[in-house]
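Student: Could we look at this one together, a question at a time? I am new to it.

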Amino acid sequence: MTSAILQAINGVSLAALLFLLASGFTLSFGLMRVVNMAHGAYYLIGGYVGLSIAEHTGSFALALAGGGAAVALGGFFIDRFLIRRTGENHLAQVLLTVGVAFVIGDVALQIWGGDNLMVPAPQQLKGAVVLPGGIYYPKYRFILIFLGVFVGIALWLLYKKTQIGAVVRAGVDDREQVNATGINVDRLFVMVSALASFLAGLAGVAGGAFLTLYPGAEWEILVYALVVVIVGGLGSLEGAMIGALIVGLLDAYGRWLLPEFSYFVLFGPIALLMIFRPRGLFGREH
Amino acid sequence: MSISAMPESLLSVRGIHTYYGDSYVLQGLSLEQPEGSIVAILGRNGMGKTTFIRSVAGLTPPRQGEIRFKGAQLSGRAPYAIAQAGIALVPQGRRIFRSLSVRENLLLPTSGLARPRRGRWNLEAVLEQFPQLAERMHHSGAALSGGEQQMLAVGRALMANPDLILMDEPSEGLAPKLVQQVGSIMQDVRAHGHAVLLVEQNFEVAMSVADYIYVVSAGRFVFEGTPAELERAPEVLDQHLGVARAHA
């Protein structure tokens, strides 16, 4: 029983992290149909930048903000000068952004080396929380859940309740008609994409404090984020929330109950979902 | 109605050639539209009507020729810039944003990103014009009937306070009573000083509202004149529109 609860919290905290990464990815895809496979690398480099900031300043909050901001800035230039040139060619986008991810990975290896590094979480976030029933659980993971819920609510309000959110939703529905309404969709995309990059960098710092950062981590986390986006449905914020929970919980329970088959526990049900509902839980026909 | 006689044209299209993919759709079309007028382009399906509208809106830019609006060159400008210059589009099939409520659909052109123009049309004025929409403000745009969607599409265009509204087949798929209503909406819009460039298959609608008519066939204009002149051109009606004489 205790283990079941622990795994549930493990799953939900992983879900919170995956949501940070997948929410931006799914919105920028929904708006511009851009497949950015460098998103995992954005996560990793954001984590490393945050790590250096935390080591120099001792501030975890600055690390989160700085990791996010650095990736938002870098992501802007990658969008503006590289991805923009691929137009609607998805194959070119995938090749280009995979290449970008390799370059980022190599640069990171040069600067931060090949060891497992952990972003230092502040003292007050360390330690354990005692849950009813005498269960001890790392405090940091709870904070991560709060961060995920907070970002989720903020994004949801921005997306559903503001005029700029309505413009983005309209762009996901029918980009051409938004253009014909006098709105420069490319400029809108730059804003959404910068937000997506920021969240990826933020996720890298948050994730780096418990999953550690190491060469190759970008691809592992990218696979999870892609699964979240595909399960939830491309372009759907609700889908990213539900998809992250499903993937996080399947992963946690899979590792616990069937450790030899943990990947199958994750990907088996998703393969089934793809057979019966290829556009994902909340996705639309494209 | 030669070009020199119409120096005050709001919209002036001169010799445009437009391709849709590989097919050569518009083969040198010219059109003049005065301010505050309704000009209709009639023609059968697949003759290039929608492509003409899309050329003006910048969605399918012409490869040759020029389009001037209020004297300024539109060719080569992005669709959003053309919209900001004062041209609104009521597209074929309405294209209501289904993830947006009726209210959000109407307010979209007033977003700061659209550089909204000030004018007589705001949410109140549009709802006064289309009272049915007021009852449905918080419904999804996708939940509306065809007629309501058409009102919403026109209302959304008016919210931009345009000088010219492009309407692509507004009567398509509507019941006869609603088709009449669409006609009177266009007349109202003209009465408020907006010009309408209308593309139609529905002969009756175009004849009843338009000040001037162009007939398009296989990417070329085969007739231009007033509705009364079109009435007296049986070969155009018969060959290019398939309208029986007795019907007109």
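Student: Which residue just after helix 2 of chain A takes a positive phi?
Tutor: This is a predicted model, where local features need pLDDT of at least 70, side-chain atom pairs count only at pLDDT 80 or more, and totals for chains, interfaces and linings use all residues. Residues are numbered from 1 along each chain as its sequence is written, while chains are lettered from A and ligands numbered from 1 in the order in which they are written. Helices here are DSSP runs (H or I, at least four residues), numbered from the N terminus. Just past helix 2 of chain A, the residue with a positive phi, about 75°, is A:Gly58.

Student: How many of the 19 residues of helix 2 of chain A are buried?
Tutor: A residue is buried if 20 or more other C-beta atoms, placed from the backbone, lie within 10 Å of its own. By that rule helix 2 of chain A is mostly covered, and its buried residues number 15.

Student: Which helix of chain A gives the most to the side that touches chain B?
Tutor: Contact means C-beta atoms, placed from the backbone, within 7 Å, and 17 residues of chain A are in contact with 22 of chain B. Helix 6 (163-173) and helix 7 (175-180) of chain A each supply at least two residues of that side. The top contributor, with 7 residues, is helix 6.

Definitions and conventions:
Two residues are in contact if their C-beta atoms, placed from the backbone, lie within 7 Å. A residue is buried if 20 or more other C-beta atoms lie within 10 Å of its own, exposed if 12 or fewer, and partly exposed in between; C-beta atoms are placed from the backbone.
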